[in-house]
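Hi everyone, thanks for making time this morning.

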Amino acid sequence: MSDTLSQIDNRPPSVATLFLERIAATPEGEAYRYPVPAASGAGPDEWKSYSWAEAAERVFAIAAGLIDLGIESEQRVAVASNTRVDWILADLGILCAGGATTTVYPSTNAEETAYILADSDSRVLFAEDTGQLAKVRERRAELPQLRHVVLFDPSGEGAGDASDPDGWVLTLDELIQRGKTYLEKHPEAVKETVAALRADQLATLIYTSGTTGKPKGVRLPHDCWSYMAKAIATTGLVHSDDVQYLWLPLAHVFGKVLTAGQIEVGHVTAVDGRIDKIIENLPVVQPTYMAAVPRIFEKVYNGVAAKARAAGGAKYKIFRWAAGVAREYARVTQDNFRRTGTASAPAGLKAKHAVADKLVYSKLRAAFGGRLRACVSGSAALAPDIGFFFAGAGIHILEGYGLTESSAASFVNPGEAYRTGTVGKPVPGCEVRIADDGEVLLRGPGIMQGYHNLPEKTAEVLESDGWLHTGDIGELSDDGYLRITDRKKDIFKTSGGKYVAPAEVEGRFKAVCPYVSSILVHGADRNFCTALIALDEAAIMGWAAEHGLAGKSYTEVVASSEVHELIGGFVERLNGGLQRWQTIKQFRVLPRDLDIEHGELTPSLKLKRPVVEREFGHLLDEMYAGSREQ
């Protein structure tokens, strides 16, 4: 443990420094893989790669190009793009130029994009394509400080408008060429800039997508990322021979922290943010580990269950049996490991598990590429029953916990000793305390400096002695495992005085119903709980085709009495395991799925409760009409 803390205490001032150390250590080692679509537009993508030395050449040229454009210490440079290798290289280029990266989700609308660029005082914007360019072009008059836009991909619709006579728009290739020319005259400029970086210097501004009001910019200095890189490495969860599949949004702190850990460890990362390509990419990339948000695991589970149901009664019966065996096996082995240090199971259960493995689990592992050692899940709570299912099937999901304000990776489950339903133990260097009201407080090198230009908001969550109020309610076990029970602001009290943690009920429903996409449990100051339920289109349409509803639209299917009866059965199963005051007395199936475009989900797929309750308030009112509280 002393060696671990020593590595962390003696960390360099920045990830840019770690990047230079990585280049020196393994210049010819493979760093990044990235897909190149087939020239014809048809057929599979071709995967290419950069060695660390090749990546460094591009990063240094980007950094030098930014210096030549006038970027100075801590000046902000924004990135508005889906996850791709250029995002990572641009971010490293910004850091090596002494600047600070402002992250912008590509799904952010023009108004909010302009707000983020203005509030951050960003001087340059890396834009993925002409679509992202259009958002700022129409608001250029409001952004006098924005000197240049650099396009990753200048082709496509609107490409004819991509260049401006005043040089406001550059392509990435043009910036790189500009940087190479600058380096010919000043060959040590980038290394000298990196050497001058301070640990407390601003490295990143990440804007949180709040449920109300304008997003807040979280100020994370270089030291946060250097600390995270070292802390991740010291957990032993990531190895130098790993292949990571990275698809998470890099505008989100969860995706961003994975790039820091990779640089310290030196493993390969395959980068492709196209969510619709995940299923296709996994057998090609064959990752040994990947990170995801719970919604992805829920979709995989629902898809497997729906496919088994569609295959007929016998196959669905086998799946249901195998799912039960997986959960029992995972619970027993985890419990035995906790007590004895050995993940053992009784002979009878081991025999059933071996049969289920041949029939079900092996196919599931193959769909993930066949080499997956572990997945890391974060950003929201994973329903324990879904976690136990995957654990029993040999896909080990290590839940972790952190906030944008704590640089993402504050807790993670410790490898073989992981416990489903918890977020594990704090990473080395992170302190945790549970307040009197149950709120989780954190302190350590990963905590933010504060909210950009918002000292009052900073003071609300960050105490003078460094403790961060997370807003989450949690419990610590005697041996240091943390379980998050709900968001402090989400827990509600019924009119009968009973407290309900909606996330707990919602997680249980996701484990029993293979057709759910999203669920919101409501009941604050009401005399009973209700639920708004959105269904996964692929799963429910597959069921509909087998139950006399073929040919009907999704909207017609979810409005049908047959589907209401189907979902009602799952609600009854849910209620059977709940306390009386938690039970769902009424529910409504929503006419469409919840999504980012309507503002109901954050870009990291978290539910925005106030937005959903406002959008479907008429359905909530309908469910309580005529009850005694009216």
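Let's begin with Arg-609, which is buried, since its relative accessible area is 12%; buried here means under 20% relative accessible area, exposed means over 50%, and partly exposed is in between, with a 1.4 Å probe and protein chains only. Before going on, please keep in mind that this is a predicted model, where local features need pLDDT of at least 70, side-chain atom pairs count only at pLDDT 80 or more, and totals for chains, interfaces and linings use all residues. Residues are numbered from 1 along each chain as its sequence is written, and side-chain values use heavy atoms, with hydrogens and water left out.

So what does Arg-609 pair with in a salt bridge? The partner is Asp-490, with the closest N and O atoms 3.3 Å apart; a salt bridge is a side-chain nitrogen of Lys or Arg within 4 Å of a carboxyl oxygen of Asp or Glu. This pair links distant parts of the chain, 119 residues apart: Asp-490 sits in the loop between β21 (482-487) and β22 (492-493), while Arg-609 is in helix α21 (residues 609-615). Helices (H or I, at least four residues) and strands (E, at least two) are DSSP runs, numbered from the N terminus. Asp-490 is buried as well, at a relative accessible area of 18%.

Now have a look at Arg-84, which has two partners to show you. With Asp-86, the side chains meet in a salt bridge at 2.9 Å, N to O. With Glu-128, the closest N and O atoms are 3.4 Å apart. Asp-86 counts as buried at 11%, and Glu-128 is buried at 12%.

How many salt bridges does the structure hold? There are 33. One network of salt bridges links Asp-45, Asp-272, Arg-274, Lys-277 and Glu-280.

The structure holds two cavities of 30 Å³ or more. On a 1 Å grid over the protein atoms alone, a cavity is a set of points where a 1.4 Å probe fits but cannot get out, a pocket is an open set with protein on both sides within 12 Å along at least five of seven lines, and lining residues have an atom within 4 Å of a point. Grid points are joined across faces, edges and corners, and a volume is the space filled by probe spheres set on the points.

The largest cavity has about 60 Å³ of space. Its lining includes Val-15, Asp-91, Trp-225 and Lys-256, and α4 (85-96) and α10 (253-265) each supply at least two of the lining residues. The second largest cavity holds about 40 Å³, and α9 (222-234) and β18 (439-443) each give at least two residues to its lining.

Next, the second largest pocket, with a volume of about 1,000 Å³. It is lined by 29 residues, and Val-300, Gly-303, Val-304, Lys-307 and Leu-364 lie nearest its centre. Which helix gives the largest share of that lining? It is α12, with nine residues.

Out on the surface, Ile-318, Trp-321, Val-355 and Leu-359 form a nonpolar patch with about 330 Å² of accessible area together. Patches are made of residues with over 30% relative accessible area and no salt bridge, with like charges joined within 9 Å and nonpolar side chains (Val, Leu, Ile, Met, Phe, Trp, Tyr) within 5 Å. Accessible areas come from the Shrake-Rupley method with a 1.4 Å probe, and for residues only the protein chains shown count as cover. Both α13 (313-340) and α14 (347-367) supply at least two residues of the patch. Val-355, in helix α14, counts as partly exposed because its relative accessibility is 43%.

Last stop, the backbone. Most residues other than glycine have a negative phi. Gln-286, in the loop between α11 and β12 (289-292), has a positive phi near 50°. Asn-453 also has a positive phi, of about 65°, and Asn-453 is exposed at 53% relative accessible area.
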